Amino acid sequence: MAEWFKDMTFYHIWPRSFMDGNGDGVGDLKGVREKLDYLQDLGVDGIWFSPLYPSPNADYGYDVADYRDIHPEFGTLEEFKALLDEAHARGMKVLMDLVVNHTSDEHPWFQASRRREEPYTDYYIWRPARKNGRHPNNWDSIFEGKAWEWDEVRGEYYLHLFAKKQPDLNMDNPAVRKEVEDICRFWLDLGVDGFREDVITFISKADGLPDDRLMPAVKGLRHYSNGPRLHEYLAQFRKVTEQYDCITVGEAPRMTPRKALEFIGGEDRVLDMFIHFQHMTADCFMVDYIRRPFSLRKLKSAMSAWQYELRGKGWNALYLENHDHPRVISRYGSEKYRVESGKMLAAMYLLQQGTAFVYQGQELGMTDLDLPSIEDYPDVSTRMNYERLKKLVGAKRALRWTKQATRVSARTPVQWTGEENGGFCPPGVEPWLRVNPNYTEINAADQERDPDSLLNFYKALLRFRKEPVIRYGKYREYFPAGKWFYIYDRTYKGEKILVVCSFTELQVAFQPPYSLKNAEKLFGNYPGLTDAMRPYEVRVYRLRDE
Ligand code: NOJ
């Protein structure tokens, strides 16, 4: 069983917006190759690629049309192999996104299934209409209306937990599970080092697909989250992946640390880590598209719960950003104190126990985007959330709320330079999505040159993460009820690292949990030391037993 991932940091690439190497306004593999030096210099140990597969892009790659190829917009399979070799030659690992809860409706399996062609007839979840043409049950789709769509060709409804163009696979069909095994083998034989598994905790639906009799925000969710045969199916896939030196990271909405241990705990674990969501709702009200003021206590209690509960039993995946959430500085930090709060947030999560993930542009402190109208947001879920909000609060407020919550903010092209298009694509070419106009102030080239930049702070932290105290140290939080500070330490073999994070722009006096007389300050985002903590200040101290 792989252990190598435990002191690693992965860089998460959402390929469409990372770097355009061929000048068509869309990110691609050529662009990634050009940036391998950058990634190595940043100090990451591997890359997780959001889907690279051919896809009609109803959900930008999360609607897969072919599991064994590369989207022509991104390059070819040959180019991918070359990139993989180059990454490996630099000692970097590569994780693919495995999207098997659903496919694209343009996948040949679905096309055959709707025509009832064997062996594909039961590859998807088809049901006849109930009386008077009613849907087979009352579940909602997470992305688009109700969870059922009528198919004229087949004369039945199919289930889609996400967009209409993302029909759910019928994982209860052994032939489908065999396909998943084969897909894993295909990429592992090619040399990839593992998978991030998309909404993998949704693959087993409750027997009989019962109506949801409660009134939750999304009807049906509890009938397929961590479903009845999830463990069994993951164990089956594990039998394949364990034949390779690879890791598996499951995306897990609604996961709690205690539940997680049933899957990622101990030597017979069926996955290596979970990407859970509990710390990503500290500014959400019921659903992630309705925002409320950020609650530090909520954030701390989620982060600490995962640290305490997994200790010695399972392994954490640490992250603050990915392609599904707005930029963290705009949420949990402050755009006014962008660099300060960016550094504080970086230290806050990177010094905890776990394998870390850094999302493209996070290391530069990229911020949310403000677009004039809902038509400018190219994302099926953003549009649906807007429609839902419009019914509740009217168009104007719905647009304002949508801007605070949309994942499109995380998908703007990476800002490499202060030149036109932020250096993402050549001048004169129109990027597929608007570059955030703040690229003139926020870009990699400027930050490379500035020793105090956020980028250089990330580099230092990623180097520091290799210290044994970060991998093995015991975690302890202090003053969990405090509303301004997040304070914790990590202890290992006579060494202690104390991390003090201020989440306010007020200057607030700080009482250390113990004497810092002989402490050495390792990291900070302000010069020197003052009695009160400065806005969004972070201090990281090292203490050693005398
Ligand atoms: C989770 C992915 O991260 C997200 O981007 C995608 O839209 C859904 N799963 C559906 O695949």
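In the classification applied here, Ala, Val, Leu, Ile, Met, Phe, Trp, Tyr, Cys and Pro count as nonpolar, Asp, Glu, Lys and Arg as charged, and the others, Gly among them, as polar. In this predicted model, the lining of the second largest pocket accordingly has 8 nonpolar, 1 polar and 3 charged residues. This pocket has a volume of about 290 Å³, and its lining includes Asp140, Lys146, Phe285, Tyr289 and Arg388, with strand E11 and helix H11 each supplying at least two residues.

The largest pocket has a volume of about 1,200 Å³. Of the 48 residues that line the largest pocket, Ile142, Leu221, Pro253, Phe277 and Asp288 are the closest to its centre. Strand E11 (287–291), helix H11 (380–393) and helix H12 (395–405) are the elements that give two or more residues to this lining, and H11 gives the most, with 5 residues. By class, the lining of the largest pocket comprises 21 nonpolar, 11 polar and 16 charged residues.

The ligand sits in the largest pocket, where 14 residues surround the ligand, the closest being Asp59, His102, Asp198, His323 and Asp324. The shell around the ligand has 4 nonpolar, 3 polar and 7 charged residues. A polar side-chain atom of Asp324 lies 2.4 Å from an oxygen atom of the ligand, while for Asp59 a polar side-chain atom is found 2.5 Å from a ligand oxygen atom; in the side chain of His323, an N or O atom is 2.8 Å from an oxygen atom of the ligand. Of the 290 Å² of accessible area that the ligand has on its own, the protein covers 97%.

Notes
Residues are numbered from 1 along each chain as its sequence is written. This is a predicted model: local features need pLDDT of at least 70, side-chain atom pairs count only at pLDDT 80 or more; totals for chains, interfaces and linings use all residues. Side-chain values use heavy atoms; hydrogens and water are left out. On a 1 Å grid over the protein atoms alone, a cavity is a set of points where a 1.4 Å probe fits but cannot get out, and a pocket is an open set with protein on both sides within 12 Å along at least five of seven lines; lining residues have an atom within 4 Å of a point. Grid points are joined across faces, edges and corners, and a volume is the space filled by probe spheres set on the points. Helices (H or I, at least four residues) and strands (E, at least two) are DSSP runs, numbered from the N terminus. A residue is near a molecule or strand if one of its heavy atoms lies within 4 Å of it. A polar contact is a pair of N or O atoms within 3.5 Å; within protein, one must be able to donate a hydrogen and the other to accept it, and residues adjacent in sequence count only if both atoms are side-chain atoms. Accessible areas come from the Shrake-Rupley method with a 1.4 Å probe; for residues, only the protein chains shown count as cover. A molecule sits in a cavity or pocket if more than half of its atoms lie within 2 Å of its grid points.
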